[in-house]
Amino acid sequence: MTGRLIAPERILVTGGAGFIGSVTAHMLLWRGFDVTVLDDCSTGHADSISPNAKFVHSTLLNKMAIREALEGCTSVIHFAGKSLVNESVTHQDMYWEINVEGSRNLLEEMHDANIGRIVFSSSASIYGEPESIPIAEYARVQPKNPYGKTKLAVEGLISDETKSNGLAGASLRYFNVAGALQVGERWVGERHKPETHLIPNILNSSAAEPVEIYGSKWPTSDGTCIRDYVHVIDVAEAHILALTALRPSTHAIFNLGSGRGYSVREVLQTAAEFLGREIPQVEAAEREGDPAVLIADITRAQNELDWHPTRNLENMIQDCAKSMDFD
């Protein structure tokens, strides 16, 4: 099946209790699709799942649960997996089991159920230290940590399935995701433990727990690292659009980002202006392996998916703050 989806089709969202997965699931429901969420809630939150979605509380390591979750589905959007870089270094076996073997189980069950469409939530971390900026999809992939290596391995599994079984697949490699989605009177946003993302950490900072700036002598305009940030709503939109672009026996790769970079100091200043106060901060040593600049080339997603990021850094900070009950 190719071309535009027609509601009400049922989409399985693995990891649909997590940050990006839950936002995507809500947006699918709003557009008239039926949704099944598969999540073990080890890092996600059950209260982020819409009561209008079918919920299978389990892991991708449980094939029977995958089978149940796939009932009636026509496509899969695959977010489930572990995603902390530091944790992936200390728990490599866990990351390979959950991220890679779990994905293998999912693909096998999809094949058995004759479901041949998947959009995979990949990561820009698979590029490692880029040789040129902005980073295009054809850039050399050389992940520097186990987390990135597991994402690349899952992309490999999808490519194998497209060649051997005609799977229609897409992998979305995105950069730094921020923001939140308003659902009724509440906001669905980031609730990571531990929180490693810059924007929520800035908003949560205090004199006792200042934001750490990892190096101030990078070869950039203000000496701090530059990263590409994209709003979670825009990322969710790209996943939904990617469903319409799937083609049998094809594995399409798309970068997602804003197409421009923001330095750490730019993010701090924008947050300070929003909060109306200075952000407590302290300089720390540079982290080994950190590139000075990471910016996505999003031309392919713009041209082939007709996807365009619509929200800027100010929107990301404001929405993130609302989800954290900041005034």
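How many Å should the 12 residues of α1 span at 1.5 Å a residue, and how far apart are its end C-alpha atoms?

**Entry 1: helix α1**

I began by noting that this is a predicted model. Then I turned to α1, which runs over residues 19-30. At 1.5 Å a residue, its 12 residues should span 16 Å. I found 17 Å between the end C-alpha atoms, which agrees.

Next I asked about cover. How many of the 12 residues of α1 are buried? The count is 11, so I wrote α1 down as mostly covered, with "buried" meaning under 20% relative accessible area. I listed the buried ones: Phe19, Ile20, Gly21, Ser22, Val23, Thr24, Ala25, His26, Met27, Leu28 and Leu29.

Last, I checked what follows α1. It is Gly32, and its phi is positive, near 95°.

**Entry 2: helix α4**

I moved on to α4, residues 92-112. This helix has 21 residues. From first C-alpha to last it reaches 29 Å, close to the 30 Å expected at 1.5 Å a residue.

Which residues of α4 are buried? I wrote down Tyr95, Asn99, Val100, Gly102, Ser103, Asn105, Leu106, Leu107, Glu109 and Met110. Then I looked for what covers them. The cover includes three strands, β1 (10-14), β4 (73-78) and β5 (117-121). It also includes the helices α2 (63-70), α3 (85-90) and α5 (146-165).

After α4 comes Asn114, with a positive phi near 60°.

**Entry 3: α2 against α4**

I took one of those covering helices, α2, and looked at how it packs on α4. The angle is about 50°, and the axes are 10 Å apart. Parallel or oblique? The two helices are therefore oblique to each other. I recorded the crossing of α2 past α4 as right-handed. From α2, the contact uses Lys63, Ile66, Arg67 and Leu70. From α4, it uses Asn105, Leu106, Glu108, Glu109 and Met110. I sorted the residues of this contact into four nonpolar, one polar and four charged. Among them, Asn105, Leu106, Glu109 and Met110 were already on my list of buried residues in α4.

**Entry 4: α8 against α10**

I then compared helix α8 (residues 264-275) with helix α10 (residues 313-323). Their axes come within 10 Å and cross at roughly 55°. That makes α8 oblique to α10. The crossing is right-handed.

Which residues meet here? On the α8 side I noted Glu266, Val267, Thr270, Ala271 and Phe274. On the α10 side I noted Leu313, Glu314, Ile317, Gln318 and Ala321. This contact divides into six nonpolar, two polar and two charged residues.

**Entry 5: Ile279**

I finished in the loop between α8 and β15 (281-284), where Ile279 lies. Is Ile279 buried or exposed? Its relative accessibility is 5%, so Ile279 counts as buried.

I looked for its contacts, not counting residues up to four places away in sequence. Ile279 touches Ile202, Ser205, Val211, Leu268, Ala271 and Ala272. One of these, Ala271, also belongs to the α8 side of the contact with α10.

I checked Val211 separately. Ile279 and Val211 are 68 residues apart along the chain. Their C-alpha atoms are separated by 7.6 Å.

Key: Residues numbered from 1 in each chain as written. Predicted model: local features only at pLDDT ≥ 70, side-chain atom pairs only at ≥ 80, totals over all residues. Heavy atoms only, no water. Axes fitted to C-alpha atoms, helices over the stretch in contact; angles between N-to-C directions. Helix = DSSP H or I, 4+ residues; strand = E, 2+ residues; numbered from the N terminus. Parallel < 35°, antiparallel > 145°, perpendicular 65-115°, else oblique. Left-handed = near helix turned anticlockwise from the far one by under 90°. Contact = heavy atoms within 4.5 Å. Nonpolar A, V, L, I, M, F, W, Y, C, P; charged D, E, K, R; others polar. Expected span 1.5 Å × (residues − 1). Buried < 20%, exposed > 50% of the residue type's maximum accessible area, 1.4 Å probe, protein only.
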